[in-house]
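Work through the exercises below with the structure open. Try each task before reading its solution.

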Amino acid sequence: MEKESVESVALSDDDDNIIAEDIRQLNSTTTKGKKTLKSKVWNFFDILPLGADKKLKSQCKKCGAQYIASSKYGTGNMRRHIKVCKRNDTRDIGQMMISRNTNNLSLSSIQYDSKKFRELAMAAIVMHDLPFQFVEWAGIRAIYQYLYPDVDTLIRNTAKVDVLKAYQREKLKIKAMFEQVSGRVSLTSDLWSSCISDGYMCLTAHFIDKDWRLQKRILNFCFMPPPHTGVALLEKIFDLLCGWKIEDKLFSLTLDNASSNDVSVEALGSQLQLKGLLPCNGEFFHLRCCCYILNLVVQDGLKHIDRAIKKIRESVKYVKGSHSQVRKQKFLDCAKLVSLGVKKGLRQDILTRWNSIYLILDSALLYRRAFEHLALSDSNYRSCPSAEE
């Protein structure tokens with residue numbers, strides 16, 4: 001990397017006196033020759049020839065702005081212009097960059113910081129949920145090489161190490177927050193299954209920090225091997241709490257209505273109560289998830305129209321199936337024939353989320369006439385809901 005070259009102009013009150021002295025020299029300059037100008041401000045301004053008004057003027061080398069160079073009119077105008085000149089913010093040849101402080105203006109080349117580069121790459125991986133292999137993609141490396149030819153080449157193992165180090169740093173910050181919490185911490189937990197049926201547990205903390213602001217932090221999202229019994233869940237949750245050292249700060253634990261959760265939370269509450277760690281004798285320790293209860297209520301109500309919902313669900317699957325490109329195009333043609341827009345599209349539902357059933361019904365009602373037309377033109381389509389349904 002080439003040696004950094006910095007041209008700095010100190011724009012202090014003392015420099016105003018130097019500028020004024022330079023202007024007096026210019027006004028008194030004879031034909032014998034030009035006198036040396038001492039102020040660094042003249043690195044940014046040119047002296048113009050005398051015009052018809054016989055007034056000495058200066059012109060900005062960057063933007064061409066002109067000012068009267070006379071102590072009678074003051075010299076602060078040039079100093080102020082240097083700070084706000086838009087042309088100084090160029091980033092052209094040599095990747096030059098303007099850096100401003102309170103009393104000075106400097107022009108310097110950008111420095112490459114390998115540590116900062118690795119931090120930004122790690123943050124991008126976490127922020128955008130990218131694989132560690134992201135740093136090895138040929139297109140990404142080409143961009144880095146274009147911006148800085150001597151950029152460090154990162155590999156996936158390096159990215160993994162950086163992410164794990166960042167996790168440990170953030171974990172220490174959250175632990176420090178817990179140490180400063182004078183109140184109690186409420187937890188929510190749930191189990192989640194991946195597309196390959198691997199089980200995972202998510203543990204989230206809710207608390208009021210020292211500045212009286214409500215905080216929400218995901219403490220763990222970890223692998224939960226089978227069986228998901230009450231004892232297994234109890235051991236897992238208790239190990240996580242001990243890792244965060246907050247078992248003596250708990251107020252409540254919110255779970256869904258699964259029978260295994262009832263067993264685990266009852267055993268955990270009894271274990272904590274024996275040590276006197278729960279307020280109100282643990283009366284408010286176990287809370288049931290209201291969203292889960294609401295989902296059960298909605299699912300029970302939907303059983304009365306289960307036949308119609310099943311037909312709508314099968315109709316959407318028929319159009320949006322993995323091997324239904326021809327069917328999808330035929331459905332779009334039917335929508336156009338009945339003067340319906342095709343931008344909204346059909347929605348598929350998820351059985352564990354009752355609001356997704358609303359979305360599929362909302363989209364299906366919009367394309368009701370398109371489904372009716374599809375039933376007339378496609379003999380293989382047999383799940384069209386009736387007018388009553």
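**Exercise 1. Find where confidence is lowest and where it is highest in the chain.**

Solution. 
- Start with the whole chain. The average pLDDT is 79, and 80% of the residues score at least 70.
- Now go to the elements. Confidence is lowest in strand β1 (residues 7–10), with a mean of 40. It is highest in α5, at 93.
- Look at residues 1–14. Their pLDDT is below 50. This stretch still has 36 contacts in the model beyond near neighbours in sequence.
- Residues 90–102 also stay under 50. The model gives them 27 contacts beyond four places in sequence.
- Draw the lesson. Where pLDDT is low, predicted coordinates should not be read in detail.

**Exercise 2. Work out how helix α3 and helix α5 are oriented to each other, and which residues meet.**

Solution. 
- Locate the helices. α3 spans residues 114–127, and α5 spans residues 156–180.
- Take the axes. They come within 9 Å and cross at roughly 80°.
- Apply the cut-off: angles of 65 to 115 degrees count as roughly perpendicular. Therefore α3 is roughly perpendicular to α5.
- List the partners. From α3 come Arg118, Met122, Ile125 and Val126. From α5 come Thr158, Ala159, Asp162, Val163, Ala166 and Arg169.
- Sort them by class. The contact of α3 with α5 has 6 nonpolar, 1 polar and 3 charged residues.

**Exercise 3. Decide whether Asp162 is buried or exposed, and name its contacts.**

Solution. 
- Asp162 lies in helix α5.
- Check the accessibility. Buried means under 20% relative accessible area. Asp162 has 11% relative accessibility, so Asp162 counts as buried.
- Find the contacts, leaving aside neighbours within four places in sequence. Asp162 touches Arg118 and Met122.

**Exercise 4. Describe the largest nonpolar core and say which element gives the most to it.**

Solution. 
- Count the members. This core has 30 residues. Phe178, Leu187, Leu219 and Leu268 touch the most other members.
- Trace the sources. Elements that each supply at least two residues include α5, β7 (185–193), β8 (199–208) and β9 (214–223).
- Pick the top contributor. α6 gives the most, with 8 residues.
- Zoom in on Leu268. Beyond four places in sequence, Leu268 is in contact with Leu234, Ile237, Phe238, Leu241, Leu253 and Phe285.
- A second, separate core has 17 residues, including Val316, Tyr318, Phe331 and Cys334.

Terms used: Residues numbered from 1 in each chain as written. Predicted model: local features only at pLDDT ≥ 70, side-chain atom pairs only at ≥ 80, totals over all residues. Heavy atoms only, no water. Axes fitted to C-alpha atoms, helices over the stretch in contact; angles between N-to-C directions. Helix = DSSP H or I, 4+ residues; strand = E, 2+ residues; numbered from the N terminus. Parallel < 35°, antiparallel > 145°, perpendicular 65-115°, else oblique. Contact = heavy atoms within 4.5 Å. Nonpolar A, V, L, I, M, F, W, Y, C, P; charged D, E, K, R; others polar. pLDDT = per-residue confidence, 0-100. Core = buried A, V, L, I, M, F, W, Y, C linked by side-chain atoms within 4.5 Å. Buried < 20%, exposed > 50% of the residue type's maximum accessible area, 1.4 Å probe, protein only.
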